Amino acid sequence: MSPNLWLCATLAVVVAHPSMAQTGQMAAQRAGALSLPQALRTVISANPRLSVADRTINMADGRREQAGARPNPTLGVEVDNFAYGQNGLTSGAEYTLQISQLFELGGKRNARVQAALGDYDTARWEREATRLELLSETTIAFVEALSVERKIALLERHAAALDRLVPQMQKRVEAGASSPSEVSRTQAAAGMVRLDRERARTALNVARRELAALMGLDRPNFVAVAGDFGRISRPAPLDTAIKAIEDNPQLMRWTAVRAQRDGALLSARLKPLPDITAGVAWRHYAESSQNALRLGVSVPINVIDRNTGAIREAREAAQKTGAERAVNRLTLIAIVGKAHDTATGALAQVELLRRTVLPAARAALSTVEAGYGQGRYTLLEILDAYRTVADAELQEHEALASFHTSIATIEGLTGSPLQLARAK
């Protein structure tokens, strides 16, 4: 896959994230909040890491251009047979004006160009890897901000539900059916929920700042993010994700790295090959006042320094490329495998919570709420019912956050759309 195609595919993958992008964009338009596509476009246009990568490519392009340059000619002047006497310089001085040119033999220039071209291609792939990492990091940061916003809403709803319970308790206290301490205990429980909400608000500020930093902003210029956090999709089999890893720029760049190192090895091997320096000179003879043309050729005798150490170093560097790529590949596969397992586990948790735990907990709470006013349930029983529902909803929330983060990680490493099917 060419770099340009990779760019288009990458942006399309992350922007079209099925859980948040499309629905989030519509929600953002309604509420004026930041959507995932908006965040991604801003990151691509404003994050300085891409500017650094662009400058690195231009630097490599300059090295590539310079590698193809030929040596400059050398101009020299010689003055012979002159001395300084009583009358100044003697008239017997002889002059030689010479120009010489080094001619590289054995393809040294082509070897330098090959190495520089590999360096340039490596910089291009690293730029694509940086772009993909930014898209993935932005999606994960967006998920974190969206997750904390949703958690705050959940905690506010839980606190409000406990607040609505207080008037019923006060009526029971006035009727002599309950102790005043029950009101205090309920108010304390609501206060603890609000304490968790304040912690979540702090976490939200941190998440927004991290997202803003990725967007190249000193501080957030948005008050909220928008997305369909509750929507989930089943990821494709792990084997599909592992196959897609092969097109990751982090692995694709090793082909360019090998070309660069092969060029460096060839340059090291060619260095002991003597180059020729040819020159032509104009000579003025003082005694006869005649001029003459002189030709010269020089060749270094490379019998002491054969560049063996540099050749060995370059050979080892070229041969270790395959092992470095294998290490890189195994690392990516491990990350994808962990993310896939996490996403699959989180999906199972969400399905279990939605299918059995949450309906049962909410049904129990409804029953207890209806019977509490009639005196059929105690304070501990109704608080326990509230806590069970709250815990189940928060567990579902954490599972959803884990799922979306894992999917963003997988897509960021594979760079290709996962074949998703709506979970049942």
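N307 lies in the loop between β7 (290-298) and α9 (308-319). In this predicted model, N307 has a positive phi of about 60 degrees, although it is not a glycine. N307 is also buried, with a relative accessible area of 11%. That value falls under the 20% limit for burial.

Within α9, the residues I311, A314 and A318 are buried. Seen down the helix axis, the buried residues of α9 fall within an arc of 70 degrees, so they line one face of the helix. An α-helix has 3.6 residues a turn, so residues three or four places apart point the same way. Cover for the buried residues of α9 comes from elements including α8 (249-270) and α10 (321-372). On the face of α9 turned away from the buried side, T308, R312, E313 and Q319 are exposed.

Helix α4 (residues 48-67) has the highest confidence, at 95. Confidence is lowest in strand β8 (residues 421-422), at a mean of 29. Two stretches call for separate mention. Over residues 1-30, pLDDT stays under 50. The model has 74 contacts beyond four places in sequence for residues 1-30. Over residues 417-424, pLDDT also stays under 50. For residues 417-424, the model has 22 contacts beyond four places in sequence.

How values were computed
Residues are numbered from 1 along each chain as its sequence is written. This is a predicted model: local features need pLDDT of at least 70, side-chain atom pairs count only at pLDDT 80 or more; totals for chains, interfaces and linings use all residues. Side-chain values use heavy atoms; hydrogens and water are left out. Helices (H or I, at least four residues) and strands (E, at least two) are DSSP runs, numbered from the N terminus. Buried means under 20% relative accessible area, exposed over 50%, partly exposed in between (1.4 Å probe, protein chains only). The arc is that of the directions from the helix axis to the C-beta atoms. Contact means heavy atoms within 4.5 Å. pLDDT is the predictor's confidence in each residue, from 0 to 100.
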